[in-house]
Amino acid sequence: MKISITSQCPESTIKELGINEWPIWTCDPSTFPWTYRDKETCLILEGDVTVSPDRGKPLRLGMGDLVVFPKGMSCTCEVHKSVRKHYRFGN
């Protein structure tokens, strides 16, 4: 299971996907386990987080990253600096 990252997501992609209309999720600094029951696509608006998949290398994510997490992936999330992101589950 692979995480897809587009660093400094282009404005054209944000408009094409309608990202600014997606809900916003926030999280203060913390560490917690997570399993994606569905595919999640998100755009990090603020913050700093390390996602460590159960099977894979840790990834550091921050402002401007467009990230796609695969359905069924389990990981540990370590929020270093409060995160604010747009998100969408499913296709």
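These legends go with a set of close-up views of a predicted model.

**View 1. A look into the largest pocket.** The largest pocket here comes in at a volume of about 260 Å³. Among the 17 residues lining this pocket, W25, F32, Y36, E40 and K85 are the closest to its centre.

**View 2. Which strands build the pocket lining.** At least two lining residues come from each of β3 (30-35), β4 (40-53) and β7 (74-89). β7 gives the largest share, with 6 residues.

**View 3. Inside the largest nonpolar core.** This core has 15 residues, and the members that touch the most others are V49, V51, L61, F69 and M73. Two or more residues of the core come from each of β4, β6 (66-69) and β7. There is a second, separate core too: its 6 residues include C9, I14, W22 and L43. In soluble globular proteins, nonpolar side chains tend to end up buried together.

**View 4. Zooming in on V51 and its contacts.** Setting aside residues up to four places away in sequence, V51 touches I3 along with K57, P58, L59 and L61.

**View 5. P53, a proline in a strand.** P53 sits in strand β4. With a relative accessible area of 13%, P53 counts as buried, because the cut-off for buried is under 20%. Once neighbours within four places in sequence are left out, P53 is in contact with I3, P58, M73, S74 and C75. W34 lies 19 residues from P53 along the chain, and the C-alpha atoms of these two are separated by 9.3 Å.

View 6. How many disulfides does the structure hold? The count is 0. For C9, the nearest cysteine sulfur belongs to C42 and is 11 Å away, and C9 is in no disulfide. C9 is also buried, at a relative accessible area of 11%.

Conventions. Residues numbered from 1 in each chain as written. Predicted model: local features only at pLDDT ≥ 70, side-chain atom pairs only at ≥ 80, totals over all residues. Heavy atoms only, no water. 1 Å grid on protein atoms, 1.4 Å probe; cavity = no way out; pocket = protein on both sides within 12 Å on 5 of 7 lines; lining within 4 Å. Points joined across faces, edges and corners; volume = space filled by probe spheres on them. Helix = DSSP H or I, 4+ residues; strand = E, 2+ residues; numbered from the N terminus. Core = buried A, V, L, I, M, F, W, Y, C linked by side-chain atoms within 4.5 Å. Buried < 20%, exposed > 50% of the residue type's maximum accessible area, 1.4 Å probe, protein only. Contact = heavy atoms within 4.5 Å. Disulfide = S-S within 2.5 Å.
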